[in-house]
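I opened this notebook to keep track of what I looked up. The entries follow the order in which I checked things.

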Amino acid sequence: MKFEILTIFPDFFRGPLDYGIVRRAREAGLIEIAIHDLRAFTHDRHRTVDDRPFGGGEGMVLKPEPIFECLEAMQVTPREERLREAARETVVLLSPQGRMFTQSVAQELAVLERVVLICGRYEGVDERVSEHLADREVSVGDFVLSGGELGAAIIIDTVTRLLPGALGNAASARQESFTTGVDSSQVSQKMANVGPPTEPPSSTCGSGGLLDYPHYTRPSEFRGMPVPDVLLNGNHDEIRRWRRRKALEKTLANRPDLLRDAELSSDDRKILEDIESGEAG
């Protein structure tokens, strides 16, 4: 997969993309990252990329010309073709006004071959970029950043770890918070064109759209804080049930909104009833 970033601060990415899973994926040839400086597509001696908004208002707005010219120089597939169901590339505008970036959006991007990320700045980007150039407008959260660079790094990290070979254990991405529907292991299998996913150990469970369950490691007791006994008894069925309950508890406490669309079984709903009634697990 190839990620391409349009930004006025290309040096920003010297750090965030040079560590951990993203770095290893780059070294292994699983992903390629190209960074394009929008100032290289300006035509005045000041390399101007922004201007005042029509109609008045505070701040400055990124001009459309450098962005359009940069995409044209990259020979991106025409927008009409990119919007078709079988398209293999997409152009994403990072913007507070965009669709929320979630794990399911990351899964959509993970099956593509090319993802172009346009980093907004200042007061925003000329709306003609969103209307006539980008395929989708994406926000990484209900807050305002100084620019889209941090958001672009987040998207690259999130999508990269869903690609086959990026994680040491491909099953890890199946059991994480927020994963729903066609999980990342199935995405990986589709891309790698190999057999069915390997089943996880019976003591683990996919999140099904919930927050992840708690994790513990050695020592079994630390400063008087012990690991729950159930995790030490070797009974995988009991461990799986405990983990599912804890995932439901944490989701109900921290993100109850996720329960609306989560993949809940009849057992899950019974557990939630018990949790809400105060019954011990």
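Entry 1. In which helix is aspartate 274 found? I looked it up in the model, which is predicted, and aspartate 274 lies in helix α9, residues 266-277.

Entry 2. I then turned to the whole chain. I counted 9 helices and 10 strands. The chain has 281 residues, and 44% of them count as buried. For the surface, I noted that the chain exposes about 15,800 Å², with carbon and sulfur atoms supplying 49% of that area. I also checked contacts between residues at least 6 apart in sequence: 76% of these join residues at least 24 apart.

Entry 3. How do strands β5 and β6 pair? I found the parallel sense, over 6 bridges, between β5 (residues 89-100) and β6 (residues 114-119). To get from β5 to β6, the chain passes through helix α4, residues 103-110. I recorded this β-α-β crossover as right-handed.

Entry 4. As a reminder to myself, strands of a sheet pair through backbone hydrogen bonds, either parallel or antiparallel.

Entry 5. What is the strand order in the open sheet of 3 strands? I read it as β3-β4-β7, and the pairing is mixed. Why is one side of β3 and one side of β7 left without a neighbour in the sheet? Both β3 (50-51) and β7 (124-125) stand at the edges with a single partner strand each, so one side of each has no neighbour there.

Entry 6. Last, I checked how β4 meets β7. Strand β4, residues 61-62, runs parallel to β7, and 2 bridges join them. I marked valine 61 as standing opposite glycine 124 in β7.

How values were computed: Residues are numbered from 1 along each chain as its sequence is written. This is a predicted model: local features need pLDDT of at least 70, side-chain atom pairs count only at pLDDT 80 or more; totals for chains, interfaces and linings use all residues. Side-chain values use heavy atoms; hydrogens and water are left out. Two strands pair if DSSP finds at least two bridges between them. Helices (H or I, at least four residues) and strands (E, at least two) are DSSP runs, numbered from the N terminus. A crossover is right-handed if, with the strands pointing away from the viewer, the path from the first strand over the helix to the second runs clockwise. Buried means under 20% relative accessible area, exposed over 50%, partly exposed in between (1.4 Å probe, protein chains only). Contact means heavy atoms within 4.5 Å. Accessible areas come from the Shrake-Rupley method with a 1.4 Å probe; for residues, only the protein chains shown count as cover.
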